[in-house]
Amino acid sequence: MTKPRPSDLGVLGFRYLGAHEVEELADLWGALHQRHTVTAPHLQETIGAMSLDESWRRRRAQYLQWLRDPDTMAVLAEYEGDLAGYAMVTVRDNALGSWDRGDRVAIVQTFAIDPEYTGTGVGSKLLEELRSQLSASNIRDIEFSTLASASEDIDFLQEEGFQPLTTTMVCRVNGFGAHD
């Protein structure tokens with residue numbers, strides 16, 4: 001099946017999933033897992049790679065845990081019955097710090113778009129749905145992490161109004177340190 005291009009993408013439907021529906025996300029998670037391994041092969045030495053099966057097993061368990069919280073949202077985007085993408089969003093209390101970000105902050109834990117829907121507007125429409133729901137819950141800020149080497153993702157997020165806030169650096173505990 002040929003997926004629609006931006007000019008012919010019609011109405012996108014959204015479904016909010018419960019824990020009993022998490023398996024519906026497995027294929028889209030698999031596509032995201034594959035994209036991560038292709039986008040950031042340099043991280044394999046630092047954080048290690050894992051099989052798709054093990055990755056899904058762990059992520060599925062995390063989803064089930066997150067969905068115990070009634071503020072967590074698992075939102076599935078569909079186009080004519082086809083799974084086009086999804087977002088898993090948790091909400092946490094905002095620790096008081098240097099910036100006023102409201103009492104609670106939304107964290108996009110996963111944002112996966114079927115690769116065949118890239119460039120069709122699915123990501124923007126999914127974010128619009130999230131913003132609408134979060135605004136209704138009086139949540140002002142959304143945190144969204146992406147791989148530092150995923151320039152297309154970073155460009156997309158900046159086009160959607162996101163700005164860099166922090167940079168996360170990783171290394172193994174037994175890695176090398178500064179050279180004296």
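Is D153 buried, partly exposed or exposed? At 23% relative accessibility, D153 counts as partly exposed; here buried means under 20% relative accessible area, exposed means over 50%, and partly exposed is in between (1.4 Å probe, protein chains only).

This is a predicted model, where local features need pLDDT of at least 70 and side-chain atom pairs count only at pLDDT 80 or more, while totals for chains, interfaces and linings use all residues. Residues are numbered from 1 along each chain as its sequence is written, and side-chain values use heavy atoms, with hydrogens and water left out.

**View 1. How confident is the predictor?**
The score to look at is pLDDT, the predictor's confidence in each residue, from 0 to 100. The protein has a mean pLDDT of 85, and 85% of its residues reach 70 or more. Helices (H or I, at least four residues) and strands (E, at least two) are DSSP runs, numbered from the N terminus.

Buried here are A26, L28, W29, G30, L32 and H33. The buried residues of helix 1 pack against helix 3 (52–66), strand 2, strand 3 (82–93) and strand 4 (104–113). Over in helix 3, S55 is buried, with a relative accessible area of 8%. Leaving aside neighbours within four places in sequence, S55 is in contact (heavy atoms within 4.5 Å) with W29, H33 and M50.

Side chains of opposite charge can pair when their charged atoms come close. A salt bridge is a side-chain nitrogen of Lys or Arg within 4 Å of a carboxyl oxygen of Asp or Glu, and the whole structure has 13 of them. In this one, R35 and D153 meet at 2.7 Å, N to O. The pair links distant parts of the chain, with R35 in helix 1 and D153 in helix 5, 118 residues apart. R35 counts as partly exposed, at 31% relative accessibility.

**View 2. R15 and its charged partners.**
R15 and E78 form a salt bridge at 3.1 Å, N to O. That pair also links distant parts of the chain: R15 sits in strand 1 (residues 13–16) and E78 in strand 2, 63 residues apart. R15 is partly exposed at 27%, whereas E78 is buried at 18% relative accessible area. Together with E21 and E24, R15 and E78 are linked in a network of salt bridges.

**View 3. Aromatic rings.**
Rings of Phe, Tyr and Trp (its six-membered ring) pair if their centres lie within 6.5 Å; planes under 30 degrees apart count as stacked, over 60 as edge-to-face and the rest as tilted. The whole structure has 7 aromatic pairs. One of them, F144 with F162, is edge-to-face, at 5.6 Å centre to centre and 75° between the planes. Both F144 and F162 are buried. Elsewhere, W56, Y63, W66 and Y86 form one aromatic cluster.

**View 4. Two loop residues with positive phi.**
Most residues other than glycine have a negative phi. E80, in the loop between strand 2 and strand 3, has a positive phi near 50°. N138, in the loop between helix 4 (122–136) and strand 5, has a positive phi near 60°. E80 is exposed at 69% relative accessible area, and N138 counts as exposed at 68%.
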